[in-house]
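Please look over the sequence and the structure shown here before reading the report that goes with them.

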Amino acid sequence: MTIQRVLTGITTSGTPHLGNYVGAVRPAVQASHRPGVQSFYFLADYHALIKTGDPARVQRSTLEIAATWLAAGLDPDKVFFYRQSDIPEIPELTWFLTCVCGKGLLNRAHAYKASVDKNTAAGAEPDDGVTAGLFMYPVLMAADIILFNAHKVPVGRDQIQHIEMARDMAASFNHLYGEHFTLPEAIIDDNVATLPGLDGRKMSKSYDNTIPLFAPREELKKLVMGLLTDSRAPGEPKDTEVSALFQIYQAFASPQETEAMRQAYASGIAWGEAKQMLFERLDTEIAPMRAAYTHYMTHPEEVEAIVKRGAEKARAIATPFTSRLRAAVGLRNLADGSAAGSVVKSGKATKSELPSFKQYREKDGLFYFKLLAADGTLVLQSTGFDQPKACGAAIGRLQAEGAAALAPLGQTLAAGSTADALDTAMAALRDAKN
Ligand code: TRP
């Protein structure tokens, strides 16, 4: 079984709330225990700088989020758990990707477009208040993902476009410099609940309707008691479908408990009583984690040491990989290899990254060609041709028709090669011309 790499980042600009826990933290911690999966969870503090200019908030949020993941049961020995800003390879790769990413692609990013639309509607300059950081957000995020060659990226629906952009950037880089990156895929878990907030809309920092995950018990109780309900009196049957209270309860309760609550709704439980039940259910689940959370919040040096160790682990992958990428783009030791040769050859891509046809004349006076794949393996060794023109025509036909042209040309593949390898090589050559 090939190991699947699953990676996700959490922007460190806020305080974790119940919605984050149910929607991201809990499913991720569960997934990290699955066999055959290598998990990468990181604190996206570079991304936080795009959202806030408040240094104290970035620091506090980074600690809070790290403490939350640890309290929720993430095992830093089993997964890669690190802080983005401890991995200098991420900003380095961001630059490489910046140089292969079309500006037009970034123009189409939803978050950027939303800012432009808002400005336009308000009669302001389109880019008013838009930093280059916001514009570049998808590139930094692509670097986060493909630096570790993640296969799967669990995200919310609002992030799907960013994963598609990461694929685009990875493919552009691969196309230009050879196959270095895995193309990542978003995974959206439809079973994961989106929690409603205090006012019944989606729980979100931007609506200011959140219940902080680790609010002290008394505060948690006060917040739950303030949940929006309708005006139905005790004894009147209540509707579970539209009830934020019921949905939050369901996200924490067992199916049996949920069923019991459904019946209590039908038989007219008083809102006050239902709120009390929700509060107790939440507190039962949260209290043990809250104790661990409080421990980490009061021992930040432990958290610091944990993420630093995580960075070491992550960099054991990232540093050598980045050396390879540096060499691929041409940031090389000047004394290495074919610097002089490449001046003479020039051209779009260096030869070694593309398949190539070599034509030559043998002592028997005939003209031959061979086809080498991008990695240098022999795909085809031709038979002899009387005329160089016939040799060239055969190459032209192979380029146009691929493996289908083999039989009519009376040619056969090299031992160990395949029709697929031939077709792939021809496609790569066609692409390189465009
Ligand atoms: N943009 C993500 C969010 O706001 C956070 C993030 C940063 C991320 N880098 C990532 C998510 C890489 C997944 C993979 O939710």
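The report below turns to the surroundings of the ligand and then to a pair of helices.

## The model

The structure is a predicted model, and the values given in this report are computed from that model.

## The shell around the ligand

The ligand is surrounded by 14 residues, and the closest of them are T11, Y137, M141, D144 and Q159. At least two residues of the shell come from each of β1 (4–11), β2 (37–44) and α7 (132–146).

## Polar atoms and burial

On the side chain of T11, a polar atom lies 3.3 Å from an oxygen atom of the ligand. An N or O atom in the side chain of Y137 is 2.6 Å from a nitrogen atom of the ligand, and for the side chain of D144 the distance from such an atom to a nitrogen atom of the ligand is 2.7 Å. Taken alone, the ligand would expose 370 Å², of which the protein buries 89%.

Helix α1, which spans residues 18–31, packs with helix α10, which spans residues 244–252, at an angle of about 35°, and their axes are 11 Å apart. The crossing in which α1 passes α10 is left-handed.

On the α1 side the contact is made by L18, Y21, V22 and R26, which meet I248, A251 and F252 in α10. The residues of this contact include 6 nonpolar and 1 charged, with no polar ones.

Definitions and conventions: Residues are numbered from 1 along each chain as its sequence is written. This is a predicted model: local features need pLDDT of at least 70, side-chain atom pairs count only at pLDDT 80 or more; totals for chains, interfaces and linings use all residues. Side-chain values use heavy atoms; hydrogens and water are left out. Axes are lines fitted to C-alpha atoms, for helices over the stretch in contact, and angles run from 0 to 180 degrees between N-to-C directions. Helices (H or I, at least four residues) and strands (E, at least two) are DSSP runs, numbered from the N terminus. A crossing is left-handed if the near helix is turned anticlockwise from the far one by less than a right angle, and right-handed if clockwise. Contact means heavy atoms within 4.5 Å. Ala, Val, Leu, Ile, Met, Phe, Trp, Tyr, Cys and Pro count as nonpolar, Asp, Glu, Lys and Arg as charged, and the others, Gly among them, as polar. A residue is near a molecule or strand if one of its heavy atoms lies within 4 Å of it. A polar contact is a pair of N or O atoms within 3.5 Å; within protein, one must be able to donate a hydrogen and the other to accept it, and residues adjacent in sequence count only if both atoms are side-chain atoms. Accessible areas come from the Shrake-Rupley method with a 1.4 Å probe; for residues, only the protein chains shown count as cover.
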